[in-house]
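Welcome to my notebook. I opened a new structure today and jotted down what I looked up.

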Amino acid sequence: MAETVTAATKIAQQADAADGLAAGDAASLLRFEDVTVAFAGEQPVLNRLSFNVRRGETRIILGAAGSGKTVLLKTAMGLIRASGGRVFLFGEDVTNKAETELFGIRSKLGMLFQESALFDSMTVAQNVAYPLLNQRAIVMPKDQMEPTVRSSLRFVELENTMDKYPSELSGGMRRRVAIARAVVTNPPLLLYDSPTAGLDPITAHTIMALIVKERDANNTTALVVTHRYQDGNLVANFRYNPNSGRLDPVGPEGTNTIFMVMKEGCLVFEGSQASLEACTDTYVTKFVKRPQLEAA
Ligand SMILES: Nc1ncnc2c1ncn2[C@@H]1O[C@H](COP(=O)(O)OP(=O)(O)OP(=O)(O)O)[C@@H](O)[C@H]1O
Ligand SMILES: [Mg+2]
């Protein structure tokens with residue numbers, strides 16, 4: 001049966017051809033091979049984790065508090081180092097690379113930290129400009145700085161807050177600024193740590209809609225940590241429509257979304273939404289039920 005080739009698939013294929021990969025063999029952007037992380041003398045907080053994120057995928061990472069989701073993302077970035085196993089970024093083994101050797105590769109990663117982690121003493125514009133000024137692999141001419149920051153803030157519909165301070169914004173607006181900061185360098189791989197945590201349902205939806213828009217407008221690959229099943233459901237079943245600016249249901253072809261469930265540092269589930277919903281494991285099913293159904 002002929003496969004539906006979307007514009008995003010075509011772009012991914014062109015990028016893979018540039019990487020010397022055959023069609024259908026999408027490049028690996030992040031690979032964990034038997035990765036263990038243990039802090040001094042403690043039990044491992046990541047326990048022999050293996051997975052491979054290919055270009056064009058969105059990974060939804062679910063799991064209880066303390067199961068290792070943030071440590072997973074920080075290990076991917078090289079902010080936490082693996083005690084065992086290997087981490088590959090963009091095909092390159094970064095496990096034991098010195099901090100200085102990571103600058104180039106880090107510039108291809110965008111990260112939204114848990115709780116946004118904006119600098120309170122900087123304006124919104126300064127916060128968004130931070131990666132442009134502080135990632136040593138990025139050299140941007142001074143005159144391009146302001147338009148780049150502005151365009152990133154326009155993407156999250158907060159262009160009018162350039163000169164405000166984070167304390168003057170609502171929690172949802174701060175999260176949007178954090179997204180603008182994560183995407184300002186146009187990274188092909190984005191890591192979002194709990195982008196909807198602590199937000200009301202409507203604001204959480206707005207944030208997830210931005211994440212879907214970023215994926216579809218820029219063909220980015222992403223890992224999204226969340227406690228909310230509906231966040232994964234939105235990513236898996238909706239696509240950004242550039243003409244209407246809204247999200248449209250994708251129909252049966254779906255999107256390239258893979259779910260992962262973490263439990264006590266181990267990856268206990270990895271697969272499609274359909275197989276997640278069919279999974280009968282009692283721990284895994286806790287993350288599938290929607291809150292309104294649980295409440296009923
Ligand atoms: N720097 C550190 N030193 C020691 N232990 C740590 C460190 N960072 C995280 N941990 C431990 O690693 C485990 C996993 O933490 P992590 O922050 O990844 O959880 P999480 O899944 O992101 O939880 P949450 O949903 O609450 O954000 C926890 O037991 C935590 O205490
Ligand atoms: Mg966390």
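My entries follow, starting with how to read the model.

**Ground rules.** I am working with a predicted model, where local features need pLDDT of at least 70, side-chain atom pairs count only at pLDDT 80 or more, and totals for chains, interfaces and linings use all residues. Residues are numbered from 1 along each chain as its sequence is written, while chains are lettered from A and ligands numbered from 1 in the order in which they are written.

**Ligand 1.** I looked up the residues around ligand 1 (C-beta atom, placed from the backbone, within 6 Å of it). Among them are Phe-39, Gly-63, Gln-114 and Ser-194. Helix H2, residues 69–77, gives the most to this shell, with 3 residues. Helices here are DSSP runs of H or I with at least four residues, numbered from the N terminus.

**Leu-276.** Next I found Leu-276 in helix H9, residues 273–278. Is Leu-276 buried or exposed? It has 23 C-beta neighbours inside 10 Å, so Leu-276 counts as buried; the cut-off is 20 or more other C-beta atoms within 10 Å of its own, with C-beta atoms placed from the backbone, whereas 12 or fewer means exposed and anything in between partly exposed. I also noted that Leu-276 and Val-261 sit 15 residues apart in sequence and 9.2 Å apart in space, C-alpha to C-alpha. Leaving aside residues up to four places away in sequence, Leu-276 touches Phe-259, Phe-269, Gly-271 and Val-288. Contact here means C-beta atoms, placed from the backbone, within 7 Å.

Conventions: Helices (H or I, at least four residues) and strands (E, at least two) are DSSP runs, numbered from the N terminus. Two residues are in contact if their C-beta atoms, placed from the backbone, lie within 7 Å.
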